[in-house]
Amino acid sequence: MTFEDFNFDASLLEGLYSMGYKQPTPIQQQAIPVITNNKDLIACAQTGTGKTAAFLLPIIDHILKAETRHLNTLIITPTRELAVQIDQQVDGMGYFCGVGSIAIYGGNDGITWEKQKRSLREGVDIVCATPGRLLALLQAGDINFEHLQHLVLDEADRMLDMGFFDDIKTIINYLPKNRQTIMFSATMPPKMRLLANEISNNPEQINIAISQPAAGIVQQAYVVYDGQKEKLLTEILKNEDYQSVIIFSSTKDNVKLLEKSLRMKEPSLKAFHSDLLQSEREEIMRDFKGRRLRILIGTDILSRGIDVEGISLVVNYDAPPDPEDYIHRIGRTARAEKAGVAITFINQRDQQKFARIEALMGREVDKLPLPADLGEGPVYDPEANKKAAFGGGGKRPFNKGGKGGGGGNGNKKSFHRKGPKPSAG
Ligand code: AMP
């Protein structure tokens, strides 16, 4: 499935491609058609799955296709940081189509408060707000949702944990009954169901549960430069306890290169890729299963579907593209209750990616020191990586004037002032 399949406006496609999105993630594949069809939705998906774009893309597209422009969408978030992050994503995706949003949250000074109110008067399409400040605005009559079409509750379980149940219900009393309600939540506690029953109408349900790796897998990682990877791998493969090994690399070409350079040192090794004939692939698989072949090198096509028992070691020569792939890859070991080891090589480029994988699993993987003769690896700062991976703005291709991490202010694009597009950078 590609983003073209959703029939999005060309300017929106341009925006999402400029953000580096190539393919919809699973939550996007499932949620976008539901939201586009105006159905209510409860989606269980964690941060890192691409959930924000899963609701923003169809909403922005809807706004672009609307005949008249009003304050169209309210997104309620538990924290100021999340409100700002979503606001920034609207900026990125809506950059080429002139869809505007504003982040509204408490705890700032009177000037910012006035700017927020001014932006609202000038007109925006989307408001991302925390419950407390939003309620204050509503009660003061400073915000008008009479034309609202979409309500999104993001991280709804967290809002309930923070005690916002009643505030949310009060806010909803100010909204039109005839609207689409979309709820995203990492978990689905009973109180969520209660809220969903009260505020949504026959919602579709989607569950993108991130599987946890099997308990028997020992996960380890090395922080390396690309130039150190091959030597490190050779060292690891010297351990004869590893009788059956799968090595994952990112592309078919890399798989072939790695096979070539390891073949002399490791005769019992084969590459597995789509350029092989079906008969060749079957033979390789038979040899691997029958323990006549010790090492298999492949791309992610190897991570799904192959069911070989007793794989003792999985090496991620390149960090996998996303958390689900990581779980699938390392799940090739420790099958059927057996223990296994999964080792990931993390180069500088993949550090943020790996931080996201760790966040999704809810645990950090041990980073082992490199063997002494390999020299020093790159610097690894877990906090900085986490911040870069989740702190908002890390992936943004541009940062428009007045909209830094400090949050929304009055300096926003609005549909009442359709001037020339601000220049990037
Ligand atoms: P989220 O789960 O919304 O917090 O998104 C996690 C990260 O994935 C964010 O940095 C997004 O910009 C990024 N992202 C979302 N959708 C895609 C996609 N289809 N392709 C690549 N990155 C994406």
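A polar contact, for this tour, is a pair of N or O atoms within 3.5 Å; within protein, one must be able to donate a hydrogen and the other to accept it, and residues adjacent in sequence count only if both atoms are side-chain atoms. Keep that in mind for the first stop.

Before you click, some housekeeping. You are looking at a predicted model, where local features need pLDDT of at least 70, side-chain atom pairs count only at pLDDT 80 or more, and totals for chains, interfaces and linings use all residues. Residues are numbered from 1 along each chain as its sequence is written, and side-chain values use heavy atoms, with hydrogens and water left out.

**Stop 1: Arg69**

Select Arg69, in the loop between helix H3 (51-65) and strand S2 (73-76). Helices (H or I, at least four residues) and strands (E, at least two) are DSSP runs, numbered from the N terminus. Now show Asp125: the side chains of Arg69 and Asp125 make a polar contact at 2.8 Å. Is Arg69 buried or exposed? Arg69 counts as buried, at 19% relative accessibility. The cut-offs are under 20% relative accessible area for buried, over 50% for exposed, and partly exposed in between (1.4 Å probe, protein chains only).

**Stop 2: the whole protein**

Zoom out. The protein has 15 helices and 14 strands, and 54% of its 425 residues are buried. Of the contacts (heavy atoms within 4.5 Å) with a separation of 6 or more, 77% are between residues 24 or more positions apart.

**Stop 3: the seven-strand sheet**

Switch to cartoon view and look for an open sheet of 7 strands, paired in parallel, in the order S10-S11-S9-S12-S13-S8-S14. Strand S10 (269-272) and strand S14 (366-367) are at the edges with a single partner strand each, so one side of each has no neighbour in the sheet. Two strands pair if DSSP finds at least two bridges between them.

Now select strand S9 (residues 245-248), which runs parallel to strand S11 (residues 295-298) and is joined to it by 4 bridges. S9 also pairs with S12 in the parallel sense, over 4 bridges. Click Phe248: opposite this residue you'll find Gly298 in S11 and Asn316 in S12. Which way do the S9 residues point? Val245 and Ile247 point one way, Ile246 and Phe248 the other way, and all are buried.

**Stop 4: the aromatic rings**

Rings of Phe, Tyr and Trp (its six-membered ring) pair if their centres lie within 6.5 Å; planes under 30 degrees apart count as stacked, over 60 as edge-to-face and the rest as tilted. By this rule there are 7 aromatic pairs. Start with Phe6 and Phe8, whose centres are 5.3 Å apart with planes at 40°, so this pair is tilted. Phe6 is buried at 11% relative accessible area, and Phe8 is buried too, at 7%.

Next, pick Tyr317 and Phe345, a tilted pair at 5.7 Å centre to centre and 50° between the planes. This pair links distant parts of the chain, 28 residues apart: Tyr317 is in the loop between strand S12 (313-316) and helix H13 (323-330), while Phe345 is in strand S13 (residues 340-346). Phe345 is buried, with a relative accessible area of 0%.

Finally, show Lys229 beside Tyr317: the charged end of Lys229 sits over the Tyr317 ring, 5.5 Å from its centre. That label requires NZ of Lys or CZ of Arg within 6 Å of the ring centre and within 35 degrees of the ring normal.
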